[in-house]
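Here is a short briefing on one protein model. It covers a pocket, a helix pair and a sheet.

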Amino acid sequence: CLNCGCVAVICSDLAPALVALGARVRTTSRTLEAGDLFAARVSGTTVLERGEIVTGIDLPAPPPGARQRYLKFRVRNSIDFPLASVAIVASLRRGRVESARIVLGAVAPVPVRAREAEDWLVGRKLDAGAAETASGLAVRGASPLSMNGYRVHVLRTLVRRSLADLASG
């Protein structure tokens with residue numbers, strides 16, 4: 001909407017992926033971490049100032065053993081915006097998680113890091129049980145609106161499936 005003051009969710013496929021990948025966004029006046037680019041404010045969805053434009057995006061080399069997944073739930077075909085999404089980058093060594101970035105999309109005004117789930121995964125064997133526990137931690141504290149509580153369940157399923165997929169290779 002046009003400066004109405006409401007706060008809508010960010011329905012971007014790219015935003016959660018950029019945050020999960022640890023991207024840096026270059027503009028005409030500065031460089032930002034991708035997670036710091038997005039904002040919820042009346043007059044915009046980023047922290048870009050008037051006249052400032054994005055000039056490039058830098059992606060760091062993935063850590064050793066890194067695996068990546070992006071899943072989204074949508075009503076129509078793949079070109080539709082997500083109703084919930086997750087981007088995950090995890091580094092595994094001998095089946096154990098060395099690092100993890102889990103970013104939830106389309107459920108808040110900005111991409112949301114699931115830091116509690118990320119921290120819990122480190123050092124653990126990535127298996128079905130770990131995926132189940134981490135998915136619960138990823139949505140813990142979610143406060144859906146009265147008509148969209150289903151998104152919490154969808155998001156938990158997306159996180160669990162993404163982690164299970166990473167575990168299987």
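The lining of the largest pocket draws at least two residues from each of β9 (112-113), α3 (115-121), α4 (128-139) and α5 (150-168). Helices (H or I, at least four residues) and strands (E, at least two) are DSSP runs, numbered from the N terminus. This is a predicted model: local features need pLDDT of at least 70, side-chain atom pairs count only at pLDDT 80 or more, and totals for chains, interfaces and linings use all residues. Residues are numbered from 1 along each chain as its sequence is written, and side-chain values use heavy atoms, without hydrogens and water.

**Pocket**
- The lining counts 25 residues, and Val107, Ala108, Ala142, Ser143 and Pro144 lie nearest the centre of the largest pocket.
- A pocket here is an open set of 1 Å grid points, over the protein atoms alone, where a 1.4 Å probe fits, with protein on both sides within 12 Å along at least five of seven lines; lining residues have an atom within 4 Å of a point.
- By type, the lining splits into 17 nonpolar, three polar and five charged residues. Asp, Glu, Lys and Arg count as charged; Ala, Val, Leu, Ile, Met, Phe, Trp, Tyr, Cys and Pro as nonpolar; the others, Gly among them, as polar.

**Helix pair**
- The α4 and α5 axes (lines fitted to C-alpha atoms over the stretch in contact, angles from 0 to 180 degrees between N-to-C directions) come within 8 Å and cross at roughly 140°.
- α4 is therefore oblique to α5, as angles under 35 degrees count as roughly parallel, over 145 as roughly antiparallel, 65 to 115 as roughly perpendicular and the rest as oblique.

**Sheet**
- An open antiparallel sheet has three strands, ordered β2-β1-β5. Strands pair if DSSP finds at least two bridges between them.
- β2 (31-33) and β5 (54-58) are the edge strands.
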